[in-house]
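User: I would like the labels used for this structure set against their cut-offs. Please take them one at a time.

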Amino acid sequence: MPAQDIRELRIVGFLCNWCSYGGADTAGVGRFTQPTDLRIIRVPCSGRIDPLFIVRSLLNGADGVLVSGCHPRDCHYAEGNFYARRRLELLKRFLPVTGIDARRFEYTWVSASEGQRWQHVVTEFTHRIHELGPAPSFNPMSEVDWNALALQAAQGQGCPCHG
Amino acid sequence: MRIGVFICHCGSNIAGTVDCPSVAATALTYPDVVFSTDTMYACSEPGQDAIIQAVKDKNLDGVVVASCTPRMHEPTFRRAVERAGLNRYMFEMANIREHVSWIGKIKEQNTVKASELVRMAVEKLRRNRPLVAKRFETVKRVLVIGGGVAGIQAALDCADGGQEVVMVEREQSIGGKMAKLDKTFPTVDCSSCVLGPKMVDIAQHPKITLYTCSEVESVGGYVGNFQVTIRKKATYVDWSKCTGCGLCVEKCPSRKHPDPFNENLCNAPSINIPFPQAIPKKAAINAASCIMLQKGKCGACAKVCPVKCIDFEMKDELVTVDVGAVVVATGYDLFDWHKYPQYGEGRYKDVITSLQYERLLSASGPTGGHIKRPSDGKEPKTVVFVQCVGSRDKSVGRPYCSGFCCMYTAKQAILTKDHVPDSQSYVFYMDIRSPGKGYDEFTRRAMEEYGAQYVRGRVSMIYPKGDKLIVRGADTLAGTQVEVPADLVVLAVGAESAKGAVQLGEKLRVAPDQYGFFVESHPKLKPVETNTAGVFLAGACQGPKDIPASVGQGSAAASKVLGLLSKKELESDPAVSRVNPARCVGCGKCILTCPFGAIKAVADRFGNPKAEVIDTVCQGCGICTVTCPQGAIQLEHFTDNQILAEVNALCPPKIFANFE
């Protein structure tokens, strides 16, 4: 099922400037057609990616987050992707604890010359997110008027979570 | 803030699948955007002038250009913005070509995506602030890694340009693959006569320091200020005394290990000078086969040496040099053809590689320039050349064309006829690839003047019959199977990346491609630069190349080095980390994680520990920013707030609007 046929989902990508962003460029130059759901945020290094960026994206309603950096041992900054790997692997295991489906987050390594691999990664991941469908509304209380709740809390009337 | 947005059509590259005017119209609704337009070619001179004019007319203080990848034209537009009087960091780019128009086919979706990418850029730009580069001095010295013809050319050009050069070569002598060749195409010029004088120039040049039998151990630092540690491997000969007289080579009783310079066609003494034109012409001991070093007795060389330069106690030595730039010219290696079962996997002595054949042809080779086949020393009358062994073959993971094999096979066919006038050469080929000045004429000569039989087809098997080797293959033009009884079979083995290239790339932070060749910065526009500033490529380490191309690239790399080092000072990228002392708790985690040692501990005026970034050392990776538990250290131009602004532009926050 090509993703184009149905409603686009929201996928956020964090890509290292030196490898994967270049790989995505290479894919573009090679006209390797990909689903258009992904929006890429460029960072200098996968080691710059704070796991909280990913959590923030998911909390804000992203349906999927894809992180990609240089292959291990190939980092432009010597060891940034090793830090990234530890952080991202930990995040991946931790996501279910927060109630987020860990399959909505993936990290991978794509070098600047691997345009075809990038096409494959994007297509596979987009396909997976489409199979999972739109992310469930993270907060069941999202319809509540938060300003009113904040006002209540400020007035010492307690909040719905703490009774 | 007043932001101007420029949507580039890039001819039809973007406008073909993105509705640029509508993207521009949508951009006007974004916060702080006061001006928005679409333009045919933003990077062209009128395009850039229009940006500058708009900055002045509309009093803009930030510019977003939505066009190609920032890896291509970010520097171009930053300069344009600077000409308009803005700080170059008050600029953002949205990549709507490589990431949108070229990969998506549906115009509506592409237009939405482009608009969103522009929105991200606008949101980031709203949080940009002007940054000013710091200046630093450079070390006026170049490291050239690899002493093949590309490295030699780069080193000589740099030295002639007035820079000091340090050349590191893994082998005992410089010269590389070219020193092993007998003749060169398409002039059938003597290879060592062309290369020899250049090698001597390297040895004689007052500005060049040569380290052979040496390898790069580690590389630290950054453009203009690299610190390189070189491991000088023990040669067990004091080269400051050795005169290269060769008495020790004659007397050495250990002659059982194969000679790598002669491609293992013959054996070499344990103490050896690889070839007559070797630079430096000094002897070195192979520890693995030396009787003295292995068994503790012998010492024949030490007894005979007139200057007493043999030192069996010698150890590896580490040398550290500071350099401003690095040229990588590590060359290539030959594909291991033993993977092919159809060529006998090494069972037949008379199946040899083209480089081995080159040694047989060479006057300084093991047979003194007479073609004698390895098995019985007889002169071969029928020689079969097999092309594309380890080139253009997916089944062995080498789908690329090595480029020069067609040409050297034609040369070897010509030389075979010269050496053995009553011989007949057969060439099994896939396609003849001979682009280059005088190249196609040369292959024609091999066929027409020298009577080489070209058979278009692959060889399916080689098997022995009597003292002959039967080469069975297809003739796809005649549509038949052919069998040629050969005295000697020469395999035109393809080029692959040099052994250890990937490991060296890790030290230099230069990425190899999937085959181990180093990746240049841009395939068209930056063929010798790498993504690591100050590191340049020359020769076949970037991809298979013949000699003229390698020499050309060596000179090109040298001109880049000279351009870099001719500047008195370089500007550092101001997008570095910065510590907010009010937030820093002095935990020192950033100091531990920084791969470059760019953060140091200082005390504030109350004696509290604080982190401080050394601007010129920081490379701007941002690992520290993620590590800091306080958010006190922020990578300029990629701060948490800037990246979160992009996230929020894509996924509007549901609960609270502002976490900043």
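Analyst: What follows is a set of questions on terms, each answered from the values.

The model is predicted, so local features need pLDDT of at least 70, side-chain atom pairs count only at pLDDT 80 or more, and totals for chains, interfaces and linings use all residues. Residues are numbered from 1 along each chain as its sequence is written, chains are lettered from A and ligands numbered from 1 in the order in which they are written, and side-chain values use heavy atoms, with hydrogens and water left out.

User: Why does B:Arg97 count as buried?

Analyst: Buried means under 20% relative accessible area, exposed over 50%, and partly exposed in between (1.4 Å probe, protein chains only). B:Arg97 has 9% relative accessibility, and therefore counts as buried.

User: What is B:Arg97 in contact with, leaving aside neighbours within four places in sequence?

Analyst: Contact means heavy atoms within 4.5 Å. With those neighbours left aside, the partners of B:Arg97 are B:Cys10, B:Asn13, B:Ile14, B:Ser67, B:Cys68, B:Met72 and B:Trp102. B:Arg97 itself lies in helix H4 (residues 97-101) of chain B.

User: What makes a run of residues a helix or a strand?

Analyst: Both are DSSP runs, numbered from the N terminus: helices are H or I with at least four residues, strands E with at least two. Chain B has 18 helices and 34 strands on this count.

User: Why is B:Pro544 called partly exposed?

Analyst: The relative accessible area of B:Pro544 is 25%, so the residue is partly exposed. B:Pro544 is found in the loop between strand E29 (535-537) and helix H15 (547-565) of chain B. Not counting residues up to four places away in sequence, B:Pro544 touches B:Tyr400, B:Cys401, B:Ser402, B:Phe404, B:Ala495 and B:Phe517.

User: Which residues touch the most other members of the largest nonpolar core?

Analyst: A nonpolar core is a set of buried Ala, Val, Leu, Ile, Met, Phe, Trp, Tyr and Cys residues joined through side-chain atoms within 4.5 Å. The largest has 79 residues, and B:Ile271 and B:Ile285 touch the most other members. Helix H6 (residues 149-160) of chain B gives the largest share of this core, eight residues. Another core, of 70 residues, lies apart from it and includes A:Val43 and B:Tyr30.

User: How many residues does chain B have, and what percentage of them count as buried?

Analyst: Chain B has 660 residues, of which 55% count as buried.
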